[in-house]
Amino acid sequence: MENINDEKRNHYANLIYAQTKAMNDLVGKMIDYSRIDSTNFTLKIEHFNLTQLLNNILENYVLYGITLESDKDFYINADKRLITTVIENYLENAVKYSTEINNIKVKITDKSFEVTNPCTPLTKEDITNMWQPYHRKTEHINIEGHGLGLAIVKSILDMHKFKSGANYSDGNITFWFHF
């Protein structure tokens with residue numbers, strides 16, 4: 001609205017864009033969380049190749065050198081779009097919170113899916129709380145996010161009646177679900 005120089009204008013435009021994107025992401029996650037938790041939501045169950053889905057998703061994470069510890073195809077009966085959301089959230093968190101970015105591992109078996117990454121020490125209370133909506137540890141406040149991702153993941157996996165959780169051991173966190 002002012003007649004300011006190009007450098008300041010670009011700075012303000014970039015700032016407005018980043019804040020608008022963050023707000024849009026938050027509103028989208030809030031809508032997803034509300035929609036998934038509603039009684040009217042129905043799953044669109046289909047039989048699909050989980051390994052292939054994961055490989056397609058991992059193409060977006062090639063810079064992080066994520067290791068896939070499965071060498072064959074595994075199939076699952078689930079809502080593919082929602083399982084994509086679960087996998088993407090597990091991977092985004094691994095990338096955001098890993099203390100060694102090039103040491104993230106994904107494993108699929110005929111009954112389970114896991115993402116493991118090195119992280120700062122966690123207590124049992126930390127692990128319990130991380131599934132709550134809008135919960136974020138104080139030391140992670142500067143990391144981009146809203147604290148809704150794992151709450152959405154939990155709702156999705158509960159709807160599928162898949163057992164899920166997280167375990168911390170020897171400096172690593174593993175997020176998993178059994179199907």
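Which residue just after α5 takes a positive phi of about 60°? Select Lys-161: that residue has the positive phi, just after α5. The tour returns to α5 below.

**Ground rules**

This is a predicted model, in which local features need pLDDT of at least 70 and side-chain atom pairs count only at pLDDT 80 or more, while totals for chains, interfaces and linings use all residues. Residues are numbered from 1 along each chain as its sequence is written, and side-chain values use heavy atoms, with hydrogens and water left out.

**Whole chain**

Show the protein chain as a cartoon. It has 5 helices and 7 strands (helices are DSSP runs of H or I with at least four residues, strands are runs of E with at least two, and both are numbered from the N terminus). Along the sequence the pattern reads α-β-α-β-β-α-β-β-α-α-β-β. Of the 179 residues, 39% are buried (buried means under 20% relative accessible area, exposed over 50%, partly exposed in between, with a 1.4 Å probe and protein chains only). Among contacts with a separation of 6 or more, 68% are between residues 24 or more positions apart (contact means heavy atoms within 4.5 Å).

**Helices α2 and α3**

Select residues 50–58 for α2 and 80–97 for α3; their axes come within 11 Å and cross at roughly 50°. Axes here are lines fitted to C-alpha atoms, for helices over the stretch in contact, and angles run from 0 to 180 degrees between N-to-C directions. The two helices are therefore oblique to each other (under 35 degrees counts as roughly parallel, over 145 as roughly antiparallel, 65 to 115 as roughly perpendicular and the rest as oblique). Now show side chains: Leu-50, Leu-53, Leu-54, Ile-57 and Leu-58 of α2 meet Lys-80, Ile-83, Thr-84, Ile-87, Glu-88 and Leu-91 of α3. These residues divide into 8 nonpolar, 1 polar and 2 charged (Ala, Val, Leu, Ile, Met, Phe, Trp, Tyr, Cys and Pro count as nonpolar, Asp, Glu, Lys and Arg as charged, and the others, Gly among them, as polar).

**Helices α3 and α5**

On the α3 side, the contact is made by Leu-82, Ile-83, Thr-85, Val-86, Asn-89, Tyr-90 and Asn-93, and on the α5 side by Gly-149, Leu-150, Ile-152, Val-153, Ile-156 and Leu-157. This contact has 9 nonpolar residues, 4 polar and no charged. Color α5 by accessibility: 8 of its 11 residues are buried, including Ala-151 and Ser-155.

Next select residues 172–178, strand β7, where 5 of the 7 residues are buried. Strand β5 (residues 112–118) pairs with β7 in the antiparallel sense over 7 bridges (two strands pair if DSSP finds at least two bridges between them). Look for Val-115 opposite Phe-175 in β7. Strand β6 (residues 163–169) also runs antiparallel to β7, joined by 7 bridges, and Asn-167 stands opposite Thr-174. The hairpin of β6 and β7 has 2 residues between the strands, and Asp-170 there takes a positive phi near 50°.

**Last stop: Asn-117**

Select Asn-117, in strand β5. Is Asn-117 buried or exposed? At 2% relative accessibility, Asn-117 counts as buried. Leaving aside neighbours within four places in sequence, Asn-117 is in contact with Ala-94, Tyr-97, Ser-98, Asn-103, Ile-104, Gly-171, Asn-172 and Ile-173.
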